[in-house]
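Trainee: I'd like to learn how to read a protein model, one feature at a time. Could you walk me through this one?

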Amino acid sequence: FTYVDISISSGETLSGKVVGRDEQADLAVIKITADRTFSKVDFGDSTKTEQGDEVFALGFPFGIKGDVSFKEGTISRRIEGYFETSAEIHPGNSGGPLVNRYGQVIGINTAIYGKTISGLQLGETIKLAIPINTAKNLTDDLKAGRNIVVESQEEKQAKQEVVTRSTCLAQSETYYQNLVAQITQLTSNDSELQNLLSKLDREIESIKQSLSNDISRISSEYDGLIAQVRQSYEKRLQSIVVAGSRYRSVTEEAVANQTESVRAQMDEQISRYENQKQSSISSVQLSANSYISKYETLKTKARSDREISNSNMLKGAKDKKVEYYDSCVNQ
């Protein structure tokens, strides 16, 4: 807090400002804003306080209003720079004075240690007070604005969690990138896939070459048959012409009709061979295309299977990244 309300014994509430604090020492200085003077307590010398000295703890335990609570006890011992006292210090007495038999403030009530349930102390407790000389030595610095804030355990834990999560996130990202690099290298040097694709390409080229040879063979066979037909029919045509010129009884019209009939027969047989030729070529082309299509399908499937495998590996890498991060945070 920076500004606070201060209740005094007369029942008035005054405004105050926290001008300095040292949470490590559990001390603060508050300046009251008021044009008036107040009664003040006398400070004793805590270095002269000895074990067994009678002391009194004053305060308002549990915030219950009324007269000031007055608890008697003794100085039990000094422990790590504090007074341990048998005078009761209930919650709400912190910050109140611990005075000696002369009414001098020799300490400031600060803490109790013991078992608690829901903030309530159970059984025996150890009561501690800050020696007043410790407070006096810090007063000038606190009045000058000394401000030391101690993080709570929750704040420390929250900051540590942020650091931990940030570190684990960076580590898991590095781990993931290494996995991706390994997968990328594996896929870029996929000799198994490349060998399979090369083998299929060779098969396709072999089919294409075989098809070309078959077409050449079929064309050659039928072109030879057609040539024989032409040669045979040319001889018949020549004999018809010779016969027409040799015998007067054969008219020109008869020769022309006979020649036309022979040519028609020749064209029909040549057409039949041409059709057979095209049918044979189409048949071998259809068969070759069927095999080529099968091998092209195998190539497409091989690439698709590899892409699916790569995708699954990358997805697995993401899952491993999450597992790595969770494990890192839990550790």
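Mentor: Happy to. Keep in mind that this is a predicted model.

Trainee: Is Val41 buried or exposed?

Mentor: Val41 has a relative accessibility of 52%, and the cut-off for exposed is over 50%, so Val41 counts as exposed.

Trainee: Now pockets. How do I find empty space?

Mentor: The general idea is that rolling a probe the size of a water molecule over the atoms shows where empty space is left. Here, the second largest pocket holds about 190 Å³ of space. Its lining includes Gly44, Asp45, Lys48 and Thr49, along with Asn100, Arg101 and Tyr102.

Trainee: Which classes of residue make up the lining of the second largest pocket?

Mentor: Five charged, four polar and three nonpolar residues.

Trainee: Next, helices. How do I describe two that pack together?

Mentor: Two packed helices are described by the angle between their axes and the distance between the axes. Take helix 3 (residues 191–246) and helix 4 (residues 252–330): their axes come within 10 Å and cross at roughly 180 degrees. An angle over 145 degrees counts as roughly antiparallel, so that is how helix 3 runs relative to helix 4. Sorted by class, the residues of their contact are 29 nonpolar, 16 charged and nine polar.

Trainee: Last one: aromatic rings. How many aromatic pairs does the whole structure have?

Mentor: Three. In general, a pair of aromatic rings is described by the distance of the centres and the angle of the planes. For Tyr175 and Tyr324, the ring centres are 4.7 Å apart and the planes are at 15 degrees; planes under 30 degrees apart count as stacked, so this pair is stacked.

Trainee: Where in the chain are Tyr175 and Tyr324?

Mentor: Tyr175 is in helix 2 (residues 153–188) and Tyr324 is in helix 4, so to speak linking distant parts of the chain, 149 residues apart. Tyr175 is partly exposed at 30% relative accessible area, and Tyr324 is also partly exposed, at 31%.

Notes: Residues numbered from 1 in each chain as written. Predicted model: local features only at pLDDT ≥ 70, side-chain atom pairs only at ≥ 80, totals over all residues. Heavy atoms only, no water. 1 Å grid on protein atoms, 1.4 Å probe; cavity = no way out; pocket = protein on both sides within 12 Å on 5 of 7 lines; lining within 4 Å. Points joined across faces, edges and corners; volume = space filled by probe spheres on them. Nonpolar A, V, L, I, M, F, W, Y, C, P; charged D, E, K, R; others polar. Buried < 20%, exposed > 50% of the residue type's maximum accessible area, 1.4 Å probe, protein only. Axes fitted to C-alpha atoms, helices over the stretch in contact; angles between N-to-C directions. Helix = DSSP H or I, 4+ residues; strand = E, 2+ residues; numbered from the N terminus. Parallel < 35°, antiparallel > 145°, perpendicular 65-115°, else oblique. Phe/Tyr/Trp six-rings, centres within 6.5 Å; stacked < 30°, edge-to-face > 60°.
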